[in-house]
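Please consult the sequence and the coordinates shown below. The briefing that follows is arranged by topic.

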Amino acid sequence: MARVVVNLPAEAKKGEVIEIRTLAGHAMETGFRRTQLGELIPRDIIRSLVCTYNGVEVFRAELHPAVAANPLVTFTTVATESGTLEFRWTGDNGYSASHTASIKVV
Amino acid sequence: MITRRVFLLFSAASAAHAQLPPNIGELRKQALDEAIRKVVGGAEVRAGKVKLDIPPLIDNGNTVPLSVEVESPMSAADHVKAIHVFTERNPQPYVLSVQLGPRAGRARIATRARIGDTGAVIAIAQMSDGSFWSDTVKVIVTLSACLEEGLI
């Protein structure tokens, strides 16, 4: 089971810019490393992170092997209405993880 | 006449050459230019508006915190559409590219990167009016990513 952590405020004022921090547990194997026997270790990374706010896409990131292990991505969004934010990570070898968080806008 | 000693010296030198292409610096520069051209097209990239925040001296290239902030009102008419981060000396030039919109509220992203070697890190922002702005920071890496097997 893929482990992910998302940090965002539970409550925000309408129109406020909130910061969202996302972290996914993943080795982000670059595909450039070798074992002690000289065999290339195949690439295994998270390729994309998409955030939707009540079904509308607000952020999309494309990751490459040069992103460190356990990729941390921090971004912002405007708190427009109460609802849910859905985060979805996809990657090599069928990796997929998702997380939903709810926010109350007052 | 080739003595045994000279023969061994020559064979050792050619074996070392076989591992890496001789002009790897030039190849990486070409790859970086190609990657930037793919993002930018034929447009001009101007310096300014973008602030790339990354430590200038990096002890451990495996985890380098970096953030990119772009000056923009982030309104429907004038906002940042995308931010791209590249490195000069990694095996591949790409680090991260993100797509934003007016709903981001503020054009600021942060992540952690792997930096392979001493060189430039470049952030390019694409605005909604089609212009491109960039910031370049030269970093010094004492312990490279990619090489230190036991430390990852």
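**Briefing on the two-chain model**

In the hairpin formed by β8(B) and β9(B), four residues lie between the strands, and B:Gly130 adopts a positive phi near 95°. Strands here are DSSP runs of E with at least two residues, helices are runs of H or I with at least four residues, and both are numbered from the N terminus. The model is predicted: local features need pLDDT of at least 70, side-chain atom pairs count only at pLDDT 80 or more, and totals for chains, interfaces and linings use all residues. Residues are numbered from 1 along each chain as its sequence is written, while chains are lettered from A and ligands numbered from 1 in the order in which they are written.

**Strand pairing in chain B**

- Strand β8(B) pairs with strand β9 (residues 132-141) of chain B in the antiparallel sense over eight bridges; two strands are taken to pair if DSSP finds at least two bridges between them.
- Within this pairing, B:Ile124 stands opposite B:Ser134 in β9(B).
- Strand β5 (residues 80-87) of chain B runs antiparallel to β8(B), joined by seven bridges, and B:Ala82 stands opposite B:Gln126 in β8(B).
- Seven bridges also connect strand β4 (residues 64-70) of chain B with β7(B), again antiparallel; B:Ser67 stands opposite B:Ala110 in β7(B).

- Six strands form an open sheet with antiparallel pairing, in the order β1(A)-β3(A)-β6(A)-β7(B)-β4(B)-β2(B).
- The edges are β1 (4-7) of chain A and β2 (50-53) of chain B; each has a single partner strand, so one side of each is left without a neighbour in the sheet.
- Neighbouring strands of this sheet are turned by 15° against each other on average, direction ignored; the axes are lines fitted to C-alpha atoms, and angles run from 0 to 180 degrees between N-to-C directions.

**Interface**

- 24 residues of chain A are in contact with 28 residues of chain B, a contact requiring C-beta atoms, placed from the backbone, within 7 Å.
- On the chain A side, β5 (56-63) and β6 (72-78) are the elements that give two or more residues, and β6(A) gives the most, with seven residues.
- The residues on this side divide into 16 nonpolar, five polar and three charged; Ala, Val, Leu, Ile, Met, Phe, Trp, Tyr, Cys and Pro count as nonpolar, Asp, Glu, Lys and Arg as charged, and the others, Gly among them, as polar.

**Chain A and A:Trp89**

- Chain A has zero helices and eight strands, and its C-alpha atoms fill a box of roughly 60 × 20 × 20 Å along the principal axes.
- Buried residues make up 29% of the 106 residues in chain A; a residue is buried if 20 or more other C-beta atoms lie within 10 Å of its own, exposed if 12 or fewer, and partly exposed in between.
- A:Trp89, in strand β7 (residues 83-91) of chain A, counts as buried because it has 23 C-beta neighbours inside 10 Å.
- The C-alpha atoms of A:Trp89 and A:Ala24 are separated by 8.2 Å, although the residues are 65 apart along the chain.

**Nonpolar core**

- B:Ile83 and B:Ala123 touch the most other members of the largest nonpolar core, which has 53 residues; such a core is a set of buried Ala, Val, Leu, Ile, Met, Phe, Trp, Tyr and Cys residues joined through C-beta atoms within 7 Å.
- Strand β8 (residues 119-127) of chain B gives the most to this core, with five residues.

Conventions
Contact = placed C-beta atoms within 7 Å.
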